[in-house]
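User: I'd like to know where the labels on this model come from. Can you walk me through them?

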Amino acid sequence: MSSISPFSKEQLMPQPEMLEIKRQKGELLIGLPKETHFEEKRISLSPDAVSALVTHGHKIVIETGAGEGANYSDNEYSEAGAKISYDIKEAFGCDIVLKVAPPSLDEIKLLNPKTVLISALQLKTRDKKYFEALAKKRITAVAFDYIKDDHEVYPIVKSLSEIAGIASIHIAAELMTTSNGGNGLLLGNISGVPPTDVVVLGAGTVGEFATRAAIGLGARVKVFDNSITKLRKLQHGIQSPIYTSTIQPKTLLKALMRCDVVISAIRGKDRSPVIVTEEMIEQMKDGAIVVDVSIDRGGCFETSKITTHSKPTFKKHGVIHYCVPNIPSRYARTASVSISNIFTPYLLNIAEEGGFENAARYDKSLRNGMYFYHGILTNRTVADWFDLPYREINLLIL
């Protein structure tokens with residue numbers, strides 16, 4: 001008696017191999033409107049970045065004059081393959097809109113429903129109406145200052161902090177000149193002349209790069225921070241010997257009384273702590289320079305108040321204060337290239353994955369930066385700050 005096979009004739013026949021279907025690459029339509037925020041001169045993509053994206057088959061629409069603040073002409077962008085638009089609505093009407101500063105309420109009205117917006121969030125300057133307007137348009141919004149990579153680093157924040165740190169020393173050197181009302185000191189180490197003394201408050205990225213720049217010019221540097229770990233890391237990272245200390249009022253006051261320049265770069269959780277009191281400022285040298293890089297979070301000096309690029313300084317108790325909150329915009333071209341270098345791989349990856357949503361599923365750093373998904377608020381900090389309903393992004397993108 002013959003046994004009966006449990007398989008049908010069709011099942012026993014050779015079967016075609018089933019391969020995983022590759023995600024189809026997407027063609028991106030990216031808009032770059034001109035920045036309208038006060039004294040904002042940066043742009044999110046350089047002409048070289050535009051050329052790289054266009055080469056991969058993507059379309060870029062740039063509002064005329066958008067690159068002027070960073071000294072990029074319309075012609076450079078046109079030669080790179082971008083479309084120059086004389087209609088602001090066209091740039092805001094793209095599937096992905098890139099900005100440096102967050103859009104205004106009027107600019108949000110120009111966005112199409114379900115647009116992907118990538119810009120800074122600048123939470124402290126936002127209000128509830130901003131988030132309500134994004135929700136109404138069902139916008140998916142990514143804050144580039146919240147994007148955190150696999151190494152737990154905020155790449156754009158770190159890059160801009162590097163610029164701010166180096167720039168703070170260049171600014172101080174400029175303000176020390178006689179023509180700018182300073183003491184006429186050169187921030188350097190000239191034979192037979194005592195080197196200038198620089199105090200840096202904070203041993204994070206801004207403090208590190210301010211220290212590197214000051215040492216590179218030949219200054220004597222003292223760094224104060226309450227984190228021994230940060231101070232140790234700074235000492236090991238910088239090849240020159242530097243003075244480091246925790247923030248002790250008597251020790252700090254002695255350093256302030258002797259120094260020619262103070263750079264503050266300490267960021268608190270909600271606002272920067274006031275480290276230097278007005279009484280301490282009164283005891284500093286006449287013509288000494290204060291550069292408060294932390295002013296965007298309230299400032300580390302009791303005497304600090306926000307200034308602008310067009311009127312950057314004021315004098316208090318004989319001390320020159322520089323308290324401009326957006327230092328990287330002063331070096332718009334360098335900052336633009338820096339931001340562009342980080343944006344470009346993200347955009348190419350979004351296309352490779354077949355669109356933003358697919359990319360966000362696999363790229364944790366994008367999800368870290370996302371604070372709106374199709375009009376649903378997904379950032380707990382924003383929700384707590386403005387008392388708004390919140391959903392966990394990992395439950396929305398599966």
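Analyst: Let's begin with handedness: a crossing is left-handed if the near helix is turned anticlockwise from the far one by less than a right angle, and right-handed if clockwise. The crossing of helix 7 and helix 8 is right-handed. Helices here are DSSP runs of H or I with at least four residues, strands are runs of E with at least two, and both are numbered from the N terminus. This is a predicted model, where local features need pLDDT of at least 70 and side-chain atom pairs pLDDT 80 or more, while totals for chains, interfaces and linings use all residues. Residues are numbered from 1 along each chain as its sequence is written, and side-chain values use heavy atoms, leaving out hydrogens and water.

User: Why is helix 7 called oblique to helix 8?

Analyst: Their axes come within 7 Å and cross at roughly 40°. Axes are lines fitted to C-alpha atoms, for helices over the stretch in contact, with angles from 0 to 180 degrees between N-to-C directions. Under 35 degrees counts as roughly parallel, over 145 as roughly antiparallel, 65 to 115 as roughly perpendicular and the rest as oblique. The crossing falls in "the rest", so helix 7 is oblique to helix 8.

User: And what makes helix 7 roughly parallel or antiparallel to helix 12?

Analyst: Helix 7 (residues 155-175) and helix 12 (residues 332-352) have axes that come within 10 Å and cross at roughly 160°. That angle makes the pair roughly antiparallel. The contact (heavy atoms within 4.5 Å) includes Ile-156 and Leu-160 of helix 7 and Ile-339 and Phe-343 of helix 12.

User: How do the residues of that contact divide into nonpolar, polar and charged?

Analyst: There are 8 nonpolar, 3 polar and no charged. Nonpolar means Ala, Val, Leu, Ile, Met, Phe, Trp, Tyr, Cys or Pro; Asp, Glu, Lys and Arg are charged, and the others, Gly among them, polar.

User: What makes Glu-35 and Lys-99 a salt bridge?

Analyst: You need a side-chain nitrogen of Lys or Arg within 4 Å of a carboxyl oxygen of Asp or Glu. Glu-35 and Lys-99 sit at 3.0 Å, N to O, so the pair qualifies. The two residues are 64 apart in the chain, and the structure holds 12 salt bridges.

User: How do you know that strand 1 and strand 2 pair?

Analyst: Pairing takes at least two bridges found by DSSP. Strand 1 (residues 29-32) and strand 2 (residues 59-63) have 4, in the parallel sense. In one of them, Leu-32 has Ile-62 of strand 2 as its bridge partner.
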